[in-house]
Amino acid sequence: MRTKFSGILTLFLALFVQILFAQQQTVSGTVTDDTGLPLPGATVSIKGTSKGITTDFDGKYSIKADNGQTLVFSYIGYKAKEVTVGSSSINVQLESDNTLGEVVVVAYGSEKRSNVTSAISVVKSESIEQVPNASIDQILQGQAAGLNIQTSSGQPGASGTILLRGRNSVQGNVEPLFIIDGVPVNEDNFRSLNANDIQNVSVLKDASASALYGNRAAGGVIIVTTKTGKKNSGTRIQYRSLYGQSTTIDPNFELMNSRQYLTYLRQRGFNTFSDTQINALSNQVNTKWEDILLRTGTTLSHEVNVTTGGENTTSYTSVAYFEQEGITLRSNLKRFTLRNNTNVSSSNNKFNLTTNLTMGYSVNDNPANAGSGSLNNPFINAYIGSPALNPYNPDGSLDLTGNGTTGFGNSPIVALNTATLNTSVQDELKIVGKIGATLEVAKNLTVGSSIGMDYEQINGLTITDPNSLRGLNNDTNNPTAAIIKGSHAENFTRNVSFNINSFVTYKNIFKDVHSVEVSAFTEYYKEHFDTYGFEAFGLDPKLPGVGAGFTAGNTTEGPNNDLYNYIPTAFSTTTNGGLFSYFAVGKYDYDNKYGFQASIRRDASSRFSKTNRWGTFWSVSGKWNIHNEKFMEGVEFLNELKLRGSYGTTGNDRAAARFGGFNLIGTGNGGGNFNGSGQGYQGTNGYWLSQIANPDLKWETVTQANIGIDFAMMSNRLSGSLDFYEKTTDDLFLNRPISTISSVNSINANVGQMKNTGVELALSYDIIRSDDRKGLQWSVNGNIAYNKNEITKLVGDGLIETTRTALSEGDPFGSFYAVRWAGVNPANGSPLYYDSDGNITDTYTDDNRVILDKTQDPKFVGGFGTNVQYKGFALNALFSYAIDQYRYNGSLAVVEDPTLVSISNQSTSIIREWQQPGDITDIPSSAFGSTRLLNTDRYIENASFLRLRNVTLSYTLDKDILGKTNLFSSIRMYVQGQNLLTWSKWRGFDPESNINSTFFEFPTPKTWTLGLDVNF
Amino acid sequence: MKKINLSILILMLAFTYSCNDALDILPENSIPEENAFVSVPDLVLGMNAVFANYTPEANLDFSSILTDDTKVGEDNGGQRINEHNFVVTASTFRATQIWTGNYALINSINRLISAAGGIAPQNAAEQATYDNILGECYALRALAHLDLLAFYSQDYNAATESVPYIDYVVILEQPSRNTVGEVLTGIKSDLTTAEGFIDASITDVTRITRDFLTAVRARMALYEGDNSTAMTLSQQLINAYPLANQTQYVAMFDDTDNTEVIFKADRVVGDPLAGGTWMFTNSGGSFIEVSNELVSIIPAGDVRNATIWTNLDANFVADTQERVNKYPGSGGNRYLNDIKVFRSSEMVLINAEAKARTSDFSGAATMIQTLRSARTGGTAALPSYANINEAITDILFERRLELCFEGHRFIDLKRTRDITGTGIVRSQALLDCGGTSGTSNCDLPANDHRFTLPVPAAELDGNANMTQTPGYN
């Protein structure tokens, strides 16, 4: 056992290597990393002795050793390599190490993996880079056990909902805290950040890992660390490019074609065409609106990055342009990003200064009203558009007018017209920056401080063109009587947060085995939200997009010339918030066998009243490296076995009410709407009560227990970790009903309790290994997480209805609450239901609703993948999945609704409609009307899915081939597919979603890309 | 030593940023209550909001759509069908908004009265404003309670359970019901208090006047069966506010004549359009129309034919719809009208009914004749009533013609059903229901529990001391 672990021990010792004396013959050579670049500072030692040296700036070494002795080459983050001395020249290439020597980024620092006492998953840059998805969170889907990331928008750059180990709040924030280089950032907006800059992502899952961010970490923490140079590594330049195409995923249902639709309309009495007429009409026009409204989108990106490493300075700089078209008209994201990370240290390494700065500017062009019933929504029209309607003018161009109305009869045209003529664009400027410094003030004592900022500024522009259908019909916010058409709205939103952190750390090792580290921190966090904007009416079509085209607000119209139809509206709001914390953490490690960590923190939030603002959160954790025990020495197949345990609390202050402790009086005019809503009597200003205080509102607290093991066996071929956890949310934020005589229905309160229990397993296995870097290597990996949510305490009678789902004591969050559908009565074609006792009835009543064993959040999530490498070729595949998740299919229900047949195309399933007594079918007779809006489970469908999230085939030309050019050090070319295959029972475009009821959302596309990375 | 100094510097930096800067953050888009009301001008802003919280629109909505004054409109796409079909549950928004709207009004009043307690007027002008605000508060609190009492009590006998009478700021309290008698006592006390604050010189019919207080008292007296008070007070107002002639009558609904208006809720651009209760206001297409029966009973030559219904749409183009025309619009704003709450014609009808209820049938008949004469522009025939049932039936008929779509019909049917024995009856013969009318629900029997509105489900969720109206769950 010891010998198996000499590598690590050496590595451990390597930190304390002294200059040694050389003897015997001199062996020399170069140590390089896995990309063939020299590794300065690597340790070369002679096995079994205490002799060793470090490599120089060029990775070169020279050491005196006897023939037959074994040289051990090691470097932090790489697998140690042993070579028996046989010649005087030994060149060694080290492979990066995925398990043992790895350094893991933890809260406010980093730690060797073997010392980590808590549950952390790490995602490395290789699986993040050059993925054609503009939102970092979505790239992480399937890559870490316990992470459930789903989105219900395929708009480029759209962010999803991130759930880590289940959902631990109902009305409070559920997502993990996102930290980029020490700066907390908005977890709902990543579209202006470049994922290629990321070095690694640490997912902190248990209470111990997140205790240091305990005031915002109730949902876990995701720490993103961006790239930096290595000291003494010289300058490296890389150019990367990507080109791709996105298309829609084939929907899992079929709509009627022209002939079927016209025939069905006739059957229902909406037309009286003869067969011949239908034949002629359907031969003439058979429009698949999906093909008109959806399109193939292109993706293009270019990036140049420069990494430098001098003796005292390292840096990483990147400049990138990314452009992606969505799969529907108007959908587009263009982004320019810039990053510079610089580290400077004093020559004695006692002073370190780090700056991280990224700036991103993006232009996000949105399709109109996705996910809504508006006829502007291209996705609703892809379903309901009549196949018998001709989309083209006689000259072959698209018909943007139709019958000129904005009603159902003109439905697909309205969407085409809106997408073509109207505007909805958001420009965003995002800056995330940090400057931090540490100084070793005395032996073992370090102080440090950092200041960080997340700046997000969005300028929105919405124009209803005066000549668009919406404009001509005064369909937006225009006064209906206005003669001059069109409207123009702009809004500005700025969201800026600062955090300042200072610490003092004492770190020492006593008697070689007692490693102690104690730190104390203070942290200040402040956020400022500002938003303002205006909307003007009556646009001059010759002056689009500028104020010169607006109609003056004092213009009058009407029979008495006293109607003011063009008064612009304006609004402005501002909101601030803050947190102040002080906390301490202590770590102790004995001989790399036993480790303990404890933390305690006090946090105050501006959201709560003065008496309740402070919360105390704490954690304890421990680890036992069993493989380092004497009794394990004989166990050869086991390389690592670590037992971990943690227990602790974290807090959540992000409830619905920002100022829950105040009785608030407002002016009722939503930040200044001159056209009236909320106005006082006789058009005056007024003071209204806008919030009733709950002075008792306080922190929502999550208490988590975690026990886990990390293991590696069979020469580290098989490694993995297994975790069990139980999380309890106490003082759950929920609205507590109060008497309506108070003028409100409810107040924000801490009433309730929720529990999440789960198991996570992550495994990786090297099926084929090769010592030769160009040999065949094949590995597989996978992760699975099971989470069970239960609402253990609610207010009132234990049931709170939430549209189609309900919060119910003893049941999971998002449990569907519906009358069970019992099919169709063969005798008369009527819909049948189960009553609450399970008897079949043909009468629908809400009273028969029951809590179903179907929930919106999946019970299992995870991913699995494989990597194959041979010579320059590499194949990587990643599958992601979610099992046992359900969703109400409001989209399909529309095309199976017999009362909508005159305004909406229908699913081909309608052909199975009950016709005569004895028919056994799943589609009731249309004579019984619509069941769509009833609270039944007819359309609550299984949305579990398995998806080929990413597959990449690449070929790398390395130095061996390119060496002669003296220009390139390596070139990588690859072809990549995203979401190429999806398996799901869900009847729709996309089973993935973060909502429990769908209504024509923007589906996730599948994307093919070609890429090129050139290293100079 | 240098290093130590530097470290101290950095440590000091760590603590110099004040934690209070991050924590003592006040809301900027709203005002903490203690800062909101500190002077008389603040109270004026509070009163502007209180008065805006008074929404008689809820009454005229419910009282028309649920009754025999309406039928399903030609442009109905499902709008208001449930209430029209008498589907009323504890979650029916239109039934519960009368409760929540009036209690929100009462709450805002009690908050303002409480805030006023801590404010001293600075001069005589402020004192006058201050007093008037308090007067308006008490007056509206009385009217709000009267509306609640009318809709949520099973009858108006003193011992019957009614709604909570609230004269304090409810926050987390859970008030229980009071009896009709207790609520009426509270209302009367509020009216008396208001009278002490409202200056007799105020005559603006869009604000609270002494006559407003009298009108509330008269209506209340009729409800509670205090017929002599009803007669006295209504007569007082009839004397002060003559009935409009035919021209004035039409002008009244265009908001250009106030001859017989005692109080109306002022509505200006930006306020809800009353006509939107029954119509799509951009087109004038009706989802609920005037019932065929109501149109059919309008006597020939009666000016009310023009104010009750019209076949002209939003752009004054004739079609086949019988659309509500009590809120045709004003000042060029289609369907924007003041809500007439008290008119002298109601006082005539109160006077007639009080007389009939005290068996003065000829006195009652004379009152009805006066009103009919004014509306037809001639001298109407003097009706004659042999008994209370005949008198009340004829008075109801006249109330329907005179006050339709002004929020009375439902309460009128409710409070007279013990005499007439009739509930809501829609005409099948005239196709207001049945056949192709769009509804098959014709009748609400006189003893139906839905004549009393349900307490909102939300109230029962948050108030353990509240009981549901019998008949609902």
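Author: Let us begin with a term that we shall need at once: two strands are said to pair if DSSP finds at least two bridges between them. Please keep in mind throughout that this is a predicted model.

Reader: How do you know that strand 1 and strand 7 of chain A pair?

Author: Pairing asks for at least two bridges, and strand 1 (residues 25-32) of chain A is joined to strand 7 of chain A over 2 bridges, in the parallel sense.

Reader: What makes strand 4 and strand 7 of chain A stand at the edges?

Author: The open sheet here has 3 strands in the order 4-1-7 (chain A), and its pairing is mixed. Strand 4 (60-65) and strand 7 (92-93) of chain A each have a single partner strand, so one side of each is left without a neighbour in the sheet.

Reader: How many bridges join strand 24 of chain A to strand 25 of chain A?

Author: There are 24 bridges between strand 24 and strand 25 of chain A, which run antiparallel, and F492(A) is placed opposite Y532(A) of strand 25 of chain A. The hairpin that these strands form has 3 residues between the strands, and K511(A) takes a positive phi near 50 degrees there. Strand 25 of chain A also pairs with strand 28 of chain A, in the antiparallel sense over 22 bridges, where G533(A) has F571(A) of strand 28 as its bridge partner.

Reader: Why is D857(A) called buried?

Author: A residue is buried if 20 or more other C-beta atoms lie within 10 Å of its own; D857(A) has 25 other C-beta atoms within 10 Å, and therefore counts as buried. The residue sits in the loop between strand 46 (850-855) and strand 47 (860-870) of chain A. Leaving aside residues up to four places away in sequence, D857(A) touches L163(A), G166(A), R167(A), N789(A), F813(A), G814(A) and Q885(A).

Reader: How do you know that the length of helix 11 of chain B agrees with what it should span?

Author: At 1.5 Å a residue, the 14 residues of helix 11 (residues 227-240) of chain B should span 20 Å, and the end C-alpha atoms are 20 Å apart, so the two values agree. Within helix 11 of chain B, A230(B), M231(B), L233(B), S234(B), L237(B) and I238(B) are buried, and the buried residues of this helix pack against helix 10 (210-224), strand 3 (261-265) and helix 15 (344-357) of chain B.

Reader: What makes helix 17 and helix 18 of chain B roughly antiparallel?

Author: Helix 17 (residues 388-403) and helix 18 (residues 409-420) of chain B pack at an angle of about 170 degrees, with their axes 10 Å apart. Angles over 145 count as roughly antiparallel, and therefore these two helices of chain B are described in that way. The residues of their contact divide into 4 nonpolar, 4 polar and 4 charged.

Reader: Where do the two chains touch, and which strand supplies the largest share of the side of chain A?

Author: In this contact, 62 residues of chain A meet 60 residues of chain B, and strand 28 of chain A gives the largest share of chain A's side, 8 residues. That side of chain A divides into 25 nonpolar, 34 polar and 3 charged residues. Strand 32 of chain A is also joined by 2 bridges to strand 1 (residues 31-32) of chain B, the two running antiparallel, with I665(A) opposite I31(B).

Note on methods
Residues are numbered from 1 along each chain as its sequence is written. Chains are lettered from A and ligands numbered from 1 in the order in which they are written. This is a predicted model: local features need pLDDT of at least 70, side-chain atom pairs count only at pLDDT 80 or more; totals for chains, interfaces and linings use all residues. Helices (H or I, at least four residues) and strands (E, at least two) are DSSP runs, numbered from the N terminus. The expected span of a helix is 1.5 Å times one less than its number of residues. A residue is buried if 20 or more other C-beta atoms lie within 10 Å of its own, exposed if 12 or fewer, and partly exposed in between; C-beta atoms are placed from the backbone. Two residues are in contact if their C-beta atoms, placed from the backbone, lie within 7 Å. Axes are lines fitted to C-alpha atoms, for helices over the stretch in contact, and angles run from 0 to 180 degrees between N-to-C directions. Angles under 35 degrees count as roughly parallel, over 145 as roughly antiparallel, 65 to 115 as roughly perpendicular and the rest as oblique. Ala, Val, Leu, Ile, Met, Phe, Trp, Tyr, Cys and Pro count as nonpolar, Asp, Glu, Lys and Arg as charged, and the others, Gly among them, as polar.
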